[in-house]
Amino acid sequence: MLEQEQGTREVPAQEAHADVPPATSLDRPHPSSTVDSVPRDFFLIPVPKHLRHSPGKPAHFGLFLNIVFAAATTFIVCNLYWCQPILIELSLAFDVSYNKVSNVPTLLQGGYAAGLLLIAPLGDLVRRRPLILLLTALSTALTFGLAFTRSFVAFQILSFLIGAASCTPQILVPLAADIAPPHRRASVVSIVISGLLFGILVARVVAGLIAEFVSWRIVFYLAIGLQGFTFAMLYPLMPDYPVRNTGLTYGGILWSMAKFAVTEPVLIQASLVSLASMACFTNFWVTLTFLLGGAPYFYSTLVIGLFGLVGMAGVLSAPLTGRLIDNLIPWVATVICTTGLILFQAVQTGAGGVTVAAVVIACFGIDVLRQMQQVSLTTAVFALDPQARSRMNSVLLVAIFAGQIMGTAVGTSVFLKFGWRPAAALSLAWTGFCLFVMLVRGPHCSRYTWFGYEGGLRLRKPPVESQSQDVEKAQETVRASEESSNGGGKKQEGGEGEKESVYRVEQRGDDRSEDSASTKRN
């Protein structure tokens with residue numbers, strides 16, 4: 001009966017999975033996307049039938065598809081880092097100074113920032129499958145220019161455009177969160193984000209090895225091949241997903257991002273922590289080169305590069321850390337990670353310049369806990385409003401990007417002026433700020449509460465025996481609101497009270513779904 005209702009708008013309710021009640025008008029895509037039209041890629045090619053969205057039979061997001069998404073993020077994010085080990089070769093090939101060739105990574109990062117602000121939010125406005133495929137094809141085509149151009153000006157312009165088109169991973173992450181079952185959302189996001197870290201590591205190592213033995217242009221031939229492979233891999237495997245917002249415009253999306261950035265306490269809390277924590281992370285890895293290259297170590301560039309392999313710890317630990325976050329309240333997971341980061345930063349501050357063992361320990365702990373912290377923060381932000389995940393993710397990523405710049409600039413300056421210990425102490429202070437930001441607002445506060453503690457101090461996601469009743473009550477509440485405000489017609493935008501009730505019920509559903517699934521299996 002509910003599935004025959006027309007004119008309703010999707011609201012933030014529990015996604016349809018095997019462990020939740022059947023799909024209703026609340027989680028059904030807009031009629032225009034399912035009734036009279038077949039979804040198409042590039043407006044021409046019909047989406048394969050097995051990949052089309054069906055509310056009654058949602059896509060299965062298993063480990064294989066999770067790995068596909070992670071691999072796609074790895075190969076695409078490499079675009080931002082291929083050039084870093086070959087800057088000297090580029091300066092010789094184009095006959096430009098080191099100062100000019102350093103513009104290339106800057107332009108790549110600048111294009112990426114533009115993509116985060118202007119392209120990634122489109123994930124809340126259009127179907128993401130064709131958007132992702134289009135951006136992948138575009139970045140592949142542009143990379144041909146890098147491989148063959150003889151003009152440094154053209155190389156710089158292409159670098160900026162490729163950086164903008166390489167925001168694809170930040171559209172894949174919210175898509176993965178939408179498709180994944182709520183009780184596995186943190187695990188899924190953790191594995192996809194680990195693909196980003198792996199891409200950064202792979203690009204720098206592989207590009208350096210290739211340029212050591214053959215032409216630097218081979219690096220971009222490889223980039224073309226990997227992106228082409230990514231397109232060929234995603235096309236038959238990436239599920240389609242309907243548009244979540246049918247009444248928004250592009251200008252409205254950009255305006256809502258600005259609004260979220262100043263009105264959502266959880267998003268602001270996560271952004272502040274991400275900014276300071278990423279500054280610590282970047283400060284550590286940038287100044288590590290100076291520390292290991294000088295007294296008392298005097299390591300070669302090759303040996304220093306091998307320390308980057310410790311970054312593999314973050315990739316390998318992704319399934320474990322994601323599973324742990326799935327079992328904890330995101331706030332609790334973030335506080336645990338931040339506390340651990342303080343301990344490892346203290347080790348680096350105390351002994352980083354005395355014994356290499358301290359450096360190795362700090363490398364491992366900072367890498368693993370930083371990734372776990374970011375996954376828990378992302379999970380908390382994604383729980384706010386499923387219809388705005390791409391926009392909120394973009395706001396969070398802008399904060400991360402700003403943190404990278406702050407960590408590089410301030411950390412390097414402090415290290416060069418005062419030495420390794422003050423630089424490490426700066427990261428320790430920034431991490432302490434992260435813990436302070438988390439502690440001023442508790443884990444169970446209502447959506448628009450800025451400070452304080454509410455709802456107790458429960459640490460784990462509790463078992464649920466009444467999940468279906470909670471979801472049904474939320475659905476009835478929203479339907480009643482629709483009828484009272486519009487006489488059963490098209491729903492107007494609700495007030496903060498209605499948003500708050502939906503947010504609370506979705507939080508309960510997400511928090512409890514895993515235990516409900518375990519109970520059913522048993």
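Let me start with D240. Leaving aside residues up to four places away in sequence, D240 touches P39, V47, L51, R52, H53, R127, R129 and P130, where contact means heavy atoms within 4.5 Å. This is a predicted model, in which local features need pLDDT of at least 70 and side-chain atom pairs count only at pLDDT 80 or more, while totals for chains, interfaces and linings use all residues. Residues are numbered from 1 along each chain as its sequence is written, and side-chain values use heavy atoms, with hydrogens and water left out.

Where does D240 lie? D240 is in the loop between α9 (217–234) and α10 (250–263). Helices here are DSSP runs of H or I with at least four residues, strands are runs of E with at least two, and both are numbered from the N terminus. D240 has 5% relative accessibility, so it counts as buried. The cut-offs are under 20% relative accessible area for buried, over 50% for exposed, and partly exposed in between, with a 1.4 Å probe and protein chains only.

The side chains of D240 and R127 are joined by a polar contact of 3.1 Å. A polar contact is a pair of N or O atoms within 3.5 Å; within protein, one must be able to donate a hydrogen and the other to accept it, and residues adjacent in sequence count only if both atoms are side-chain atoms.

In helix α10 we find L254. At 30% relative accessibility, L254 counts as partly exposed.

Now the chain as a whole. The protein chain has 20 helices and two strands. Of its 522 residues, 57% are buried. Among contacts between residues at least 6 apart in sequence, 82% join residues at least 24 apart.

Next, T143 in helix α5. Is T143 buried or exposed? T143 is buried, with a relative accessible area of 2%. Beyond residues up to four places away in sequence, T143 touches I162, F220, A223, I224 and Q227. The side chains of T143 and Q227 also make a polar contact of 3.0 Å. T143 and Y221 are 78 residues apart in sequence, and their C-alpha atoms are 8.2 Å apart in space.

The axes of α5 (residues 128–148) and α6 come within 9 Å and cross at roughly 160 degrees. Because of that angle, α5 is roughly antiparallel to α6, a label given to angles over 145 degrees. Axes are lines fitted to C-alpha atoms, for helices over the stretch in contact, and angles run from 0 to 180 degrees between N-to-C directions. The residues in contact are L135, L138, S139, L142, T143, G145 and L146 of α5, with F155, L158, S159, L161, I162 and A165 of α6. They divide into nine nonpolar, four polar and no charged.

Last, helix α4 (residues 103–118) packs with α6 (residues 152–165) at about 35 degrees, with the axes 6 Å apart. On the α4 side the contact includes N103, L107 and Y112, and on the α6 side F152, F155 and Q156 are among the residues. By class, this contact has ten nonpolar, seven polar and no charged residues.

Methods
Nonpolar A, V, L, I, M, F, W, Y, C, P; charged D, E, K, R; others polar. Parallel < 35°, antiparallel > 145°, perpendicular 65-115°, else oblique.
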